[in-house]
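This report describes how one protein model is packed, beginning with a single residue and ending with the chain as a whole. Please keep the sequence and the structure in view while reading.

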Amino acid sequence: MIIGPFVAEIVITFLAVAYLLQKYGNCRRHHILVTVNVFIAWYFAFIIVFILPLDVSSTAYRQCLVDNFHSPTTSSYVIPVTIANASEFGNTTSAEYNTTTTDYSVFHAFSSLNECVKPWSYVPEGVLQSLWRVVYWTAQTLTWIILPLMQSYSTAGDFTITGKLKTALVENCIYYGSYSLIFGTLLIYVIFQPNSSLDGSNLKVVCITASNTWGLFLLVLLEGYGLVEIPRNCWNTTKKGFMLNYLYFKASKLSAERCEAEEKVDDLLEEIMQISDTTSVNHPTRNYIDLILDKFPEEKKTSIQIRRSREDNRYSVDGISEKRLAKLHKKIIRAVHMYHRTQCQWNMLLEQVFHWEDVASNEGSRDR
């Protein structure tokens, strides 16, 4: 059993994914469950790319063996010897000729089997089948259950683990409930068809097919956009003056989005400050308010003086319930995320604008 290349690619892929996750992620800041799930998702995605050539070569070799084994040339055959053609065979009897032709067929079969060269990367069929089952069902679980729950959990405004999980489950139940309603309607239509024979095994196949169809639809949609956008950007970079004008237009649009994100963050900061000013230090929601204030960027917090000392007689029950704080916290999480996103896009766009401005200025310069 030659599985050296298979094991080597498994180990190399593991090390490559660990390096990429360490370089582009923040493992020290993120929770261990987040890091593990992201690592598994990346690892299985790379596994498909690296192991697929081994699967193709091994399958081609096995198919070659099957084709030669079941080929008509490998079966023994008997040519009957009659009086008319007995002179062509001399003193050879029918039984002797039967043995001769059978030996020739076996020799021809072995010569055909020798044409199927066993690849150096050959992997047994059972190993690959087990691997693909693990990759497929793990990817299904991550795609439809774990990762959506983690995404909803990270944007939930609740302050406890139980509350965040409850909010994540409710949001995903609403999301998948709409899909289940559409799927159930189509399934009922198929069941009541005259010639339909839908049992448990067929239902499993239908569910897997629906999931794969949705994945292929997204893949075609995203890859279709990329296959058009990437060559178009490469072509536009060759046009003089086009990229600079395009970046100016893009900067004006992004500047409006950035200003809108900043205004939304400022409005939410002002709202939470009003709640903070009317909440005493000993109030049960005081820790939650401080947690919300820590979510704002440092440049926003330093621009506004937040008074930490408060008196008990300034306590007000209005607007400081935990439920309202959870809703406000959720808005703040999304607003701050959008603020950081637009800020990062703005900085990257400025670098591109400065680069193309330098290119445009150097084109008319005599100093090369």
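## One residue and its neighbours

Leaving aside residues up to four places away in sequence, I292 touches F159, I272, L325, H329 and I332; contact here means heavy atoms within 4.5 Å. The model is predicted, so local features need pLDDT of at least 70 and side-chain atom pairs count only at pLDDT 80 or more, while totals for chains, interfaces and linings use all residues. Residues are numbered from 1 along each chain as its sequence is written, and side-chain values use heavy atoms, with hydrogens and water left out.

## The nonpolar cores

A nonpolar core is a set of buried Ala, Val, Leu, Ile, Met, Phe, Trp, Tyr and Cys residues joined through side-chain atoms within 4.5 Å. Buried means under 20% relative accessible area (1.4 Å probe, protein chains only). The largest such core has 18 residues, of which I272, I292, F296, L325 and I332 touch the most other members. At least two residues of this core come from each of α8 (242-277), α9 (286-293) and α11 (322-363). The largest share, seven residues, is supplied by α11.

A second, separate core holds 13 residues, including L21, F44, L128 and L131.

## The chain as a whole

The protein chain contains eleven helices and zero strands; helices (H or I, at least four residues) and strands (E, at least two) are DSSP runs, numbered from the N terminus. Of its 368 residues, 26% are buried. Among contacts between residues at least 6 apart in sequence, 78% join residues at least 24 apart.

Methods:
Buried means under 20% relative accessible area, exposed over 50%, partly exposed in between (1.4 Å probe, protein chains only).
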